[in-house]
Amino acid sequence: MLMTRAAIFIDRDGTINVEKNYLHRVEDWEWIAGSVDAIRAFNNAGFLVIVISNQAGVARGMYSETDIHRLHAYVTSELVRDGARIDAYYYCPHHPEFGKERDCACRKPLPGLILKAQKDFDIDLSNSWMVGDTANDCKAGAAAGVRCILVATGYGAKERGKLGAVPYAENLQVASQLILAASK
């Protein structure tokens, strides 16, 4: 039987990497400063690190799921080189206005991806966190029963007014410091 562990669910674009609309090419990947250090700190503290990402470019026909897997393999190799890891990637390839599946349970702000990860990894949601740059990231986290931190990177500075009393951090690295301090 698995031991229940807490997780850090992290939005990808605008939280880990610089926001670039419909990012899917390795050559366009650009880390936000401190992101690798934050992921490594979460790893060292015993948290699972799981990316939760809407990837509507698939439904829009802009790129394929193969492109997403290629990009995630690149990110994984970069992290391994720096002594860090993402334990899993979960993404929603759907969009409510495009493609075959327009009504899904996995597109944030719905909690489907987090709940799937919880089931797959036997995650203790009550001690887990969601970190993202949009209100939808925090809404998905709240719907799944995890605490959220909104980061100022990506769309975060513009999205802040859409949320109530949600902790706010300059970037993922600062968010990691807040989470690790709260988890002691």
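Contact here means heavy atoms within 4.5 Å. The model shown is predicted.

**View 1. Helix α6 and its buried face.** Residues L172, A175, S176, I179 and L180 of α6 are buried. Seen down the axis of α6, these buried residues fall within an arc of 130 degrees, so they line one face of the helix. They pack against several elements: the strands β1 (7–10), β4 (129–132), β5 (147–151) and β6 (168–169), and the helix α1.

**View 2. Helix α1 beside helix α6.** Helix α1 spans residues 35–44, and helix α6 spans residues 172–182. Their axes come within 8 Å and cross at roughly 20 degrees. Angles under 35 degrees count as roughly parallel, and α1 and α6 are therefore roughly parallel to each other. Their crossing is left-handed.

**View 3. Residues between α1 and α6.** On the α1 side, the contact is made by S35, D37, A38, I39, A41 and F42. On the α6 side, L172, Q173, S176, I179 and L180 take part. By type, the residues of this contact divide into seven nonpolar, three polar and one charged.

**View 4. Helix α4 and its cover.** Helix α4 runs over residues 135–144. Its buried residues are A135, D137, C138, A140, G141 and A144. What covers them includes the helices α3 (112–121) and α5 (156–159), along with strands β4 and β5. Both of these strands also pack against the buried residues of α6.

Note on methods: Residues numbered from 1 in each chain as written. Predicted model: local features only at pLDDT ≥ 70, side-chain atom pairs only at ≥ 80, totals over all residues. Heavy atoms only, no water. Axes fitted to C-alpha atoms, helices over the stretch in contact; angles between N-to-C directions. Helix = DSSP H or I, 4+ residues; strand = E, 2+ residues; numbered from the N terminus. Parallel < 35°, antiparallel > 145°, perpendicular 65-115°, else oblique. Left-handed = near helix turned anticlockwise from the far one by under 90°. Nonpolar A, V, L, I, M, F, W, Y, C, P; charged D, E, K, R; others polar. Buried < 20%, exposed > 50% of the residue type's maximum accessible area, 1.4 Å probe, protein only. Arc of directions from axis to C-beta.
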